[in-house]
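Reader: I have not seen this structure before. Could you take me through the terms used for it?

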Amino acid sequence: MASDPSPRQPAPQGSQVPAATRTLRVLRFLAGQPDPVPVDRIARACDLPRSTAYHLLGVMVEEGFVTHLPEEHLYGLGVAAFEVGSGYARQVPLQRIARRALAALVDRTGHNAHLAVLHGRDVLYVLEERAPGRAPLVTDVGVRLPAHLTASGRALLAGLSAAQVRATYPGPEGMVERTGLGPRTPAALRELLVQTRARGHATEDGEVSTGMASVAAAVRDHNDHPVAGVAVTYPVEEVERPAGVEALAAEVRRTADQLTRRLGGGRAR
């Protein structure tokens, strides 16, 4: 098999299509693919010379909008592209439509609820609804926490492609811990995400704050991309296991489903 040429090739001269248009065309195509694809397919679908496709992909790889898998000769969306989509949901519609849904979730469960979006290896908390009489949590609005330790982050990461997760966690660097618990290697995280997908919701138990646990589900947009995580956090001693946790998970999934439908998506997983 021929080796994959370098993605950085000189851009052809005399093109009548602006570079920004070509770049957006490539991103739109990649966003519609279920898995990473080879450069020839990208070039054909976007009506680009192969050398132009390599040049554009090289720039987008450097900026984080595209992930290059050299061993497989494939290209897929990068974390920066995901952040742009999350930013749209974060800036206007998502927080507005989520506030009442989160308040209703708090009323049904009696526990604090919050909404978070993925930002690189962190989750950023953008909305919190506190239950009456409950103490404030570390998940206040504007706080960032390591995504691999939080239920919200795991719900979001479980909705990304394997290539995006590998690009975000290429090695154990940055996989910090807060309480001595949680995955410390990419392999351990991948196994945890497999379990999360199978359950349809994510959990964490004492990995962010000792004595506290959370359950979360992802909100998805019309492209079925995860844009936010809805979570409930509760004192471990107050919830019976496993029945109590399953009941909370059902309520969280119900809220995530509701928000997913409001964004034009299908059923949240």
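**Core, sheet and helix**

Author: Start with the core. The largest nonpolar core of this predicted model has 31 residues. Those with the most contacts inside it are L94, L115, V219, V230, V232, V252 and L259.

Reader: What makes this set of residues a nonpolar core?

Author: Two conditions must hold. Each member is a buried residue of a listed kind, Val and Leu among them, and the members are joined through side-chain atoms within 4.5 Å. The 31 residues meet these conditions, so the set is called a nonpolar core.

Reader: Which elements supply at least two residues of this core?

Author: They are α5 (93–109), β3, β4 (122–129), β7, β8 and α9. The most comes from α5, with seven residues.

Reader: Which residues is V219 in contact with, leaving aside its neighbours within four places in sequence?

Author: They are L94, H225, P226, V227, A228, V230, A256, L259, T260 and L263. Contact means heavy atoms within 4.5 Å, so V219 has heavy atoms within that distance of each of these residues.

Reader: How do you know that β7 and β8 pair?

Author: Pairing needs at least two bridges. Strands β7 (residues 212–220) and β8 (residues 226–235) have nine, in the antiparallel sense. Therefore they count as paired.

Reader: What is the order of the strands in the open sheet?

Author: The six strands run β5-β4-β3-β8-β7-β6, with antiparallel pairing.

Reader: Why are β5 and β6 called edge strands?

Author: Look at their partners. Strands β5 (144–146) and β6 (202–205) each pair on one side only. On average, neighbouring strands of this sheet are turned by 30° against each other, direction ignored.

Reader: What packs on the sheet?

Author: Helix α9 (residues 243–262) does, touching β3 (112–119), β7 and β8. The direction of α9 makes about 25° with that of β7.

Reader: How do you know that the length of α9 is close to the expected one?

Author: Compare two values. With 20 residues, α9 reaches 29 Å from its first C-alpha to its last. At 1.5 Å a residue, 28 Å is expected. The span is therefore close to the expected value.

Reader: Why are residues such as V252 and L259 of α9 called buried?

Author: Buried means under 20% relative accessible area. V252 and L259 are among the buried residues of α9, so each falls under that cut-off. In the protein, buried residues make up 50% of the 269 residues.

Notes:
Residues numbered from 1 in each chain as written. Predicted model: local features only at pLDDT ≥ 70, side-chain atom pairs only at ≥ 80, totals over all residues. Heavy atoms only, no water. Helix = DSSP H or I, 4+ residues; strand = E, 2+ residues; numbered from the N terminus. Axes fitted to C-alpha atoms, helices over the stretch in contact; angles between N-to-C directions. Buried < 20%, exposed > 50% of the residue type's maximum accessible area, 1.4 Å probe, protein only.
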